[in-house]
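Please keep the sequence and the model open while reading.

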Amino acid sequence: MLTVLAAILGIAAVVGAYYAIHNEKLTAAIIASGIVGMVSSILFLLLAAPDVAMTEASIGSALTTAIFFFTLNKIRQTNG
Amino acid sequence: MDQYLGQVVMAIGFILAILGLYGLLSQKNMIKMILGFSIFTTGVNIIMVAIGYVKGGTAPILDAEGNAVAKFVDPVPQALVLTSIVIGLGVTAMMLAYVMKLYQDKKSLNINDYKDLKW
Amino acid sequence: MDKKFMVALLVAAMAVILFPLFQSFEGGTQLSELGQYYTQNGVSDTGATNLVASVVVTYRGLDTLGEVTILFLAASIISFFLSVSKDDRIENRTVMSVTEILSTASQTLVPIIVLVGAYILVNGHLTPGGGFQGGAIIASGTLLMFLANPNHKLNHTIIHVIESTSGIAFVAIGVIGVLMMDGGFLSNKLFDLGTPGEVISAGAMPLINIFLGLKVGTELSNVLGIFVESQNEK
C-alpha cells in the first residue's frame with residue numbers, strides 16, 4: 001500500500017520538478033519547486049525518517065519558496 | 001507487500017536528481033538555474049535516506065524503557081541528510097543574494113550576459 | 001548545438017554514475033555495522049531514546065559544529081552583500097495591503113508556531129526533533145510574521161546576542177567535554193545520564209539541543225530579515 005502511495009507522490013514530484021524547470025513563468029516555477037519540497041517531505045516520512053521530514057517540510061516548502069519570492073520581488077522593483 | 005518501497009523512492013530521488021541537474025545546466029535564467037540546483041539537492045537527499053532504509057523498519061526511536069521494540073532503519077544517513085537540508089537552504093539563499101546584486105549591476109537575469117570572466 | 005550536446009553528455013554521465021547505486025540497492029534487511037552499533041549501544045552511551053538526535057548531537061557532534069560554521073558563513077556573506085546603507089533606505093515602503101485573515105491569523109499563530117518549535121527543540125532527545133528541526137520551525141514562525149507585516153523590523157542586537165551566545169556556549173560545552181571528561185568533544189557525560197525517557201536525561205544533550213536550536217533559528221530568521229530589508233532599498 002505504501003509503495004503505491006510513494007509511486008503516486010513520486011509522479012507528483014517528478015511532474016512538479018519538470019514544470020519547475022520548463023515553465024516560462026517564474027512564479028509558477030517557484031510554486032512547483034515548493035510542491036516538490038512538500039512531496040519529498042512525505043516521502044521521507046514513508047521511509048521512516050520523521051526527523052528529516054520535519055526539517056524538509058519547514059525548510060524545503062516554506063523558507064526556500066519565500067526566499068525565492070523575496071528575490072523575485074526585489075528584481076521586479078529594480079526593474080522599475 | 002511493501003518490499004519495493006525503498007527501490008521506488010530511490011528511483012524517484014534518481015529522477016529528481018537527473019532532472020535538477022538537467023535544469024541547472026540547460027537553463028539560461030539564473031533563478032531557474034538555482035531552482036534546478038535545489039531540486040537536485042532534494043533528489044540527492046532522497047537517495048541518501050533511501051540507502052539507509054531497511055525493509056519493514058521503523059523510525060529509530062526507542063520506547064520509554066529504552067528497549068528496541070522493532071527493526072530500525074539506519075540513523076546515520078538520516079542525521080547526515082538533516083544537516084544537508086539546512087546547509088542547502090543557506091547555500092540557496094547565498095546564491096539568490098548574488099543574483100540580486102548581479103541584477104542590480106546589469107539588469108539582466110540571462111547568464112550569457114555575464115561575460116566578465118570569460119576569455 | 002555544441003552546448004546542448006555537452007549538457008546531454010554531462011546528464012548522461014551523472015545517470016551512469018548514479019545507476020549502479022540504484023541497481024545494487026536491494027532495500028537491505030540488515031543494518032550496516034555502524035547502524036547496528038548505534039542501535040544497540042545508543043541508549044547506554046548517550047541516554048537518549050531518539051537515535052538520530054544522539055548521532056547528530058553526540059556521536060557526530062564535530063560534523064554538526066562544521067555545519068553550524070557553514071551556516072554562519074553563509075549568513076555573514078548574505079548580510080555583507082545585501083546590507084542597505086542608510087541613504088538608500090526607504091522608510092515604511094508601501095506594500096500590498098494585507099488581508100484581515102492573514103494579519104489576524106498571524107497574531108494568533110506566530111506564538112503557537114514558536115511554542116511548537118520550542119517544544120520540538122526541548123524534547124529532541126526523546127521524540128523526533130532536535131535543534132535543527134526546532135530552529136527551522138521557529139524561523140517559519142518569523143516568516144509568517146514578515147508576511148503579515150512586511151515593514152516589521154527585527155531587533156538585530158538581540159538576534160546577534162542570542163546567536164553568538166549560543167554559538168559560544170555550544171563550543172564551550174564541547175571543549176569542556178574534551179578537558180574534563182574522557183568522552184571527547186561534545187561528550188554528553190557532563191551531567192548524569194538519568195533515566196532514558198525523561199525530559200531531564202541524556203546528560204548535556206537537551207542543553208546542546210537548545211543552544212543548537214537557538215543558533216539555527218536566529219540565524220535563519222536573520223537571513224529572512226536581511227532578505228526582507230533588502231526590499232527597502234530605493
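What percentage of the 119 residues in chain B do buried residues make up? They make up 57% of the residues in chain B. The model is predicted, and the values below are computed from it.

**Chain B**

Chain B contains three helices and zero strands, and its elements follow the pattern α-α-α along the sequence. Its C-alpha trace spans about 60 × 30 × 20 Å along the principal axes. The radius of gyration of chain B is 20 Å, whereas a compact globule of 119 residues would have one near 14 Å. Of the contacts in chain B between residues at least 6 apart in sequence, 51% join residues at least 24 apart.

**Chain A**

Chain A also has three helices and zero strands, again in the pattern α-α-α when read along the sequence. The C-alpha trace of chain A spans about 50 × 25 × 10 Å along its principal axes. Among contacts in chain A with a separation of 6 or more, 52% are between residues 24 or more positions apart.

**Chain C**

Chain C has eight helices and zero strands. From the N terminus on, these run α-α-α-α-α-α-α-α. The radius of gyration of chain C is 22 Å, well over the 17 Å that the globule rule gives for 234 residues, so chain C is more spread out than a compact globule. Taken along the principal axes, the C-alpha atoms of chain C fill a box of roughly 60 × 60 × 35 Å. In chain C, 70% of the contacts between residues at least 6 apart in sequence join residues at least 24 apart.

**Burial and surface**

| Chain | Buried residues | Accessible surface | Share from carbon and sulfur atoms |
|---|---|---|---|
| Chain A | 60% of 80 residues | about 3100 Å² | 73% |
| Chain B | 57% of 119 residues | about 4800 Å² | 63% |
| Chain C | 46% of 234 residues | about 11800 Å² | 69% |

How do the axes of helix H3 of chain A and helix H3 of chain B cross? The axes of H3(A), residues 50-79, and H3(B), residues 75-106, come within 10 Å and cross at roughly 0°. Angles under 35 degrees count as roughly parallel, and H3(A) and H3(B) are therefore roughly parallel to each other. By class, the contact of H3(A) with H3(B) has 17 nonpolar, eight polar and three charged residues.

**Two residues**

Asn45(B) lies in helix H2 of chain B, which covers residues 30-51. Is Asn45(B) buried or exposed? Buried means under 20% relative accessible area; Asn45(B) has 4% relative accessibility and so counts as buried. Leaving aside residues up to four places away in sequence, Asn45(B) touches Phe44(A) of chain A, as well as Val81(B), Ser84(B) and Ile85(B) of chain B.

Where in chain A is Ala48(A) placed? Ala48(A) is in the loop between helix H2 (26-46) and H3 of chain A. Although Ala48(A) is not a glycine, it has a positive phi of about 60°.

Terms used:
Residues numbered from 1 in each chain as written. Chains lettered and ligands numbered in written order. Predicted model: local features only at pLDDT ≥ 70, side-chain atom pairs only at ≥ 80, totals over all residues. Heavy atoms only, no water. Axes fitted to C-alpha atoms, helices over the stretch in contact; angles between N-to-C directions. Helix = DSSP H or I, 4+ residues; strand = E, 2+ residues; numbered from the N terminus. Parallel < 35°, antiparallel > 145°, perpendicular 65-115°, else oblique. Nonpolar A, V, L, I, M, F, W, Y, C, P; charged D, E, K, R; others polar. Rg over C-alpha atoms; globule rule 2.2 N^0.38 Å. Buried < 20%, exposed > 50% of the residue type's maximum accessible area, 1.4 Å probe, protein only. Contact = heavy atoms within 4.5 Å. Areas by Shrake-Rupley, 256 points an atom, 1.4 Å probe, with all protein chains shown as cover.
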